[in-house]
Amino acid sequence: MDEPAGLRERKKERTRNLIAQEALRLFRAQGFDEVSVVEVAAAAEVSKATLFRYFPTKEDLVLHRFADHLGEAARVVRERPAGLTPTAALRDHFLAGLAARDPITGLNDHPEILSFQDLIHRTPTLRVGMRQRYTSQDIDALADALPTGSGAAPPIVRHLAASHLIAVQQELGHENWRTITSGRTADEAYDDAVAAAEGAYGQLMTGLDAV
């Protein structure tokens, strides 16, 4: 007798979560490059073929956690209040993330979050994978979300603007992670993180010639 569709989906989700959890446990303990996909599959008690059905590449075992943020900058720009510029909208969104200690901002000192951030930032393979899988897509999506029509910048300029906006977000997050790993708590670093974000986005608003 066939299982109900809902039950099948829940089982698939449990299997996917188990594989991801075992992968992260092994990567944290031994390092991403030192653990094979076969070892992850064995730890999760699934076949290698099953693992690849859920995660097409080894990098996906880690980077899938960023999928929820894919296209976020574009959504913020599209849904911004009337009268608010795209840069101001992204600045406000990032500042709200800092206040909420959103892990994507780097300003989070929870041991589990910090361990995950360490894995990403200290593993060149994952950093490159992040740029290839998500950064380029975020830039393209944001460029499409920037104003078009009469008087708007041409596509190449919108793409360059989107590149700068995404880079600012990523660099601020990386700097906040470095600050936390130096020994400061998120609360201690908060004011400096806010000042850095306001300065960085403000620089984009006024132009690079003002540096």
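Helix α7 supplies 4 residues to the lining of the second largest pocket, the largest share from any one source. This is a predicted model.

- Among the residues that line the second largest pocket are L24, R28, R65, F66 and H69.
- D102, P103, I104, E112, I113, F116 and Q117 also belong to this lining.
- Two helices, α1 (5-30) and α7, each give at least two residues to the lining.
- Sorted by class, the lining holds 6 nonpolar, 2 polar and 4 charged residues.

**The largest pocket**

- The largest pocket holds about 610 Å³ of space.
- Its lining is made up of 25 residues.
- F66, H121, M130, T135 and Q170 lie nearest the centre of the largest pocket.
- F66 is also in the lining of the second largest pocket.
- Four helices each provide at least two lining residues: α5 (72-78), α7 (111-121), α8 (124-145) and α9.
- The largest share comes from α9, with 7 residues.
- By class, the lining of the largest pocket has 10 nonpolar, 10 polar and 5 charged residues.

**A nonpolar patch on the surface**

- I156, V157 and L160 make up a nonpolar surface patch.
- Together, these three residues have about 270 Å² of accessible area.
- I156 sits in helix α9, which covers residues 155-181.
- Is I156 buried or exposed? I156 counts as exposed because its relative accessibility is 55%, and the cut-off for exposed is over 50%.

- Most residues other than glycine have a negative phi.
- E45 is not a glycine, yet its phi is positive, near 60°.
- Where is E45 found? E45 lies in the loop between α2 (37-44) and α3 (48-54).
- E45 has 75% relative accessibility, so it counts as exposed.
- R101 is not a glycine either, and its phi is positive at about 60°.
- The loop between α6 (86-99) and α7 contains R101.
- R101 counts as partly exposed because its relative accessibility is 21%. Buried would require a value under 20%.

Methods. Residues are numbered from 1 along each chain as its sequence is written. This is a predicted model: local features need pLDDT of at least 70, side-chain atom pairs count only at pLDDT 80 or more; totals for chains, interfaces and linings use all residues. Side-chain values use heavy atoms; hydrogens and water are left out. Patches are made of residues with over 30% relative accessible area and no salt bridge: like charges are joined within 9 Å, nonpolar side chains (Val, Leu, Ile, Met, Phe, Trp, Tyr) within 5 Å. Accessible areas come from the Shrake-Rupley method with a 1.4 Å probe; for residues, only the protein chains shown count as cover. A salt bridge is a side-chain nitrogen of Lys or Arg within 4 Å of a carboxyl oxygen of Asp or Glu. Buried means under 20% relative accessible area, exposed over 50%, partly exposed in between (1.4 Å probe, protein chains only). On a 1 Å grid over the protein atoms alone, a cavity is a set of points where a 1.4 Å probe fits but cannot get out, and a pocket is an open set with protein on both sides within 12 Å along at least five of seven lines; lining residues have an atom within 4 Å of a point. Grid points are joined across faces, edges and corners, and a volume is the space filled by probe spheres set on the points. Ala, Val, Leu, Ile, Met, Phe, Trp, Tyr, Cys and Pro count as nonpolar, Asp, Glu, Lys and Arg as charged, and the others, Gly among them, as polar.
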